[in-house]
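Subject: Handing over the structure

Hi,

Here is the structure I said I would pass on.

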There are 2 protein chains.
Amino acid sequence: MIILSKLADYGVIIATQLATQPERQANAATLAEETRLPRTTVAKLLKALAHGGVVTASRGASGGYRLARPAEAISIAEVVAAIDGAIGVTQCSIHGPDCTRTTFCSTKPHWKRINDAVGTALAAMTLAEMTPANLFAQWLKLPPKPGPTEGQGAAP
Amino acid sequence: MIILSKLADYGVIIATQLATQPERQANAATLAEETRLPRTTVAKLLKALAHGGVVTASRGASGGYRLARPAEAISIAEVVAAIDGAIGVTQCSIHGPDCTRTTFCSTKPHWKRINDAVGTALAAMTLAEMTPANLFAQWLKLPPKPGPTEGQGAAP
DNA sequence: TTAATTTAGGACTGTTCCAGTACTCAATAA
DNA sequence: TTATTGAGTACTGGAACAGTCCTAAATTAA
Ligand code: SF4
Ligand code: SF4
């Protein structure tokens, strides 16, 4: 059971690539080469990322994409949501009363806790932490985030 | 982007139904009526749950299913894995070097953290906590998990 | 102005996998 | 024996995914 779709996975790769050189403006073809992904697929994903507000686009000659915000301020959850849509564990977590069982389903109220925990897991990791440079921090066993961390126990 | 498949969702519902009366042995048809799910689908799911070690089956007349262990010792992750297979965020999290990009993928090493966090979220919730009876604890804002088996006593 | 570049926005297609059903075989109790 | 119940497998329709392609619009350079 793989949670992320291939495209969402690739989307994170592309966004991470942009995060390595935040100032540069790269076009779709260049990013495709650097990430070794199909050009057409990269173009499609960048459109979705732009639509989701993760990257900003400039059209025309010498145009391209760059991150809409600093990499530290973009979470993996945002990138994934821009491609695969809102993240939720069950159908009722996203589309509300779309599921016909919503009126009498006994497990429905309990899913919220799991839903929040999963969402937190994806929202806690930023693009900056996905870059290769950040790998050093993990090798050195530095604390992953100096700010609010250790969010294992859900405490709403 | 819905994480759980419908069948996994239904599997948790069925397992939770069994958890409400752990001593009883119920057959597939009865569980289907109680959960208001299609009989054939329930039968299919119970087979998968039995295969995954979540429930034990007794064949023959007056046969049926019951939980393989106390509800407090069965996590949601187990139930989901019994139906949808091993849980992982990316392809490389489960099938290892199946993805052709595994040798040069820059994001691969970072997914582990997210993968663990998601797995923990699903492993932390037990079937006992999914039962309707446990809903009282949340209404009273009691600590979600006082201990492995301490939840039975009535809360003041 | 003209031409080249680059993204925006759909439309399209083949494939895979999900969800549900049906059938036969094996085991058990009355 | 015989009715009951799960085990195992096979099958099908349909939805969603993954990938490609085309035309229009915006921007820059000549
Ligand atoms: S209402 Fe129940 S069956 Fe429907 S999506 Fe929510 S948990 Fe699943
Ligand atoms: S190796 Fe990279 S592209 Fe392949 S599944 Fe892992 S993260 Fe995704």
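Below is what I found, starting with how to read the numbers.

This is a predicted model, in which local features need pLDDT of at least 70 and side-chain atom pairs count only at pLDDT 80 or more, while totals for chains, interfaces and linings use all residues. Residues are numbered from 1 along each chain as its sequence is written, chains are lettered from A and ligands numbered from 1 in the order in which they are written, and side-chain values use heavy atoms, with hydrogens and water left out.

First, the interface. On the chain B side, B:Met1, B:His110 and B:Arg113 supply 19% of the area buried against chain A, more than any other three residues. Two salt bridges are counted between the chains (a side-chain nitrogen of Lys or Arg within 4 Å of a carboxyl oxygen of Asp or Glu). A salt bridge joins the side chains of B:Glu129 and A:Arg113, at 3.2 Å from N to O.

Next, the ligands. Ligand 1 is surrounded by residues from chains A and B, so its site is shared between chains; a residue counts as near if one of its heavy atoms lies within 4 Å. Among those around ligand 1 are A:Cys92, A:Arg101, A:Trp111, B:Asp9 and B:Ile13. Helices H5 (91-95) and H6 (108-124) of chain A and H1 (6-20) of chain B each give at least two residues to that shell; helices are DSSP runs (H or I, at least four residues), numbered from the N terminus.

Ligand 2 also lies between chains A and B. Its surroundings include A:Asp9, A:Ile13, B:Cys92, B:Arg101 and B:Trp111. Here the elements giving two or more residues are H1 (6-20) of chain A with H5 and H6 of chain B.

Finally, B:Arg101, which sits in the loop between H5 (91-95) and H6 (108-124) of chain B.

Cheers

Key: Buried area is the accessible area (1.4 Å probe) that two parts lose on being put together, summed over both.
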